[in-house]
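Biologist: I would like to go through the labels used for this model and the criteria behind them. Please put the structure up first.

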Amino acid sequence: MSNGPISLDEALASFDALWSPRVVTRVNDYDVRIAKVEGEHVWHVHDDTDEFFLVLDGELHISLRGPGGERTVLLPRGSVFTVPRGTEHRPYAPSGAAILMFEPTGTLSVGDRHDEIPDHVDATTGHALGG
């Protein structure tokens, strides 16, 4: 991990894989991850942690299932949203997006419980930049 400034533009340019987050830095026991996304992720739940999203480029949709039914939040560039722990959700980006996530180190990208994982989704705790 670098001890100097990190350009998010350069970090994003260093990989092409979709739905395969890279850890750009750590803050205490949390990873700051970036990812390129397009299409649909998988419905999943993080039982013990919230999940923070910041849209760096493009537009991200997050569908949520709760006691009141299903709803979708739309996050344009520059928007943030936190999915509360225990909430079933599915991010998707019809036209592609670049996102930043903030979550505890070791958190699996497909949560603690999830639907079948499609081939285009990387089930990971995050890859090192350049990895």
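Biologist: Why is Asp31 called buried?

Modeller: Buried means under 20% relative accessible area, exposed over 50%, and partly exposed in between, with a 1.4 Å probe and protein chains only. Asp31 has a relative accessible area of 0%, so Asp31 is buried. Before going on: this is a predicted model, in which local features need pLDDT of at least 70 and side-chain atom pairs count only at pLDDT 80 or more, while totals for chains, interfaces and linings use all residues. Residues are numbered from 1 along each chain as its sequence is written, and side-chain values use heavy atoms, with hydrogens and water left out.

Biologist: What is the confidence of the protein?

Modeller: The mean pLDDT (the predictor's confidence in each residue, from 0 to 100) is 93, and 98% of the residues reach 70 or more. Confidence is lowest in strand β8 (residues 113-114), with a mean of 82, and highest in strand β6 (residues 80-83), at 98. Strands (E, at least two residues) and helices (H or I, at least four) are DSSP runs, numbered from the N terminus.

Biologist: What makes the contact between Asp31 and Arg26 a salt bridge?

Modeller: A salt bridge is a side-chain nitrogen of Lys or Arg within 4 Å of a carboxyl oxygen of Asp or Glu. The closest N and O atoms of Asp31 and Arg26 are 2.7 Å apart, so the pair qualifies. Arg26, at 43% relative accessibility, counts as partly exposed. The structure holds nine salt bridges.

Biologist: Why are Tyr30 and Phe102 called stacked?

Modeller: Rings of Phe, Tyr and Trp (its six-membered ring) pair if their centres lie within 6.5 Å; planes under 30 degrees apart count as stacked, over 60 as edge-to-face and the rest as tilted. By this rule there is one aromatic pair. The ring centres of Tyr30 and Phe102 are 5.0 Å apart and the planes are at 10°, so the pair is stacked. Tyr30 lies in strand β2 (residues 30-40) and Phe102 in strand β7 (residues 88-104), so the pair ties together parts 72 residues apart in sequence.

Biologist: How do you know that the charged end of Arg65 sits over the ring of Trp43?

Modeller: A charge sits over a ring if NZ of Lys or CZ of Arg is within 6 Å of the ring centre and within 35 degrees of the ring normal. The charged end of Arg65 is 3.7 Å from the centre of the Trp43 ring. Lys36 lies over the face of Phe15, at 5.3 Å from the ring centre. Arg65 also meets Glu70 in a salt bridge, at 3.3 Å from N to O.
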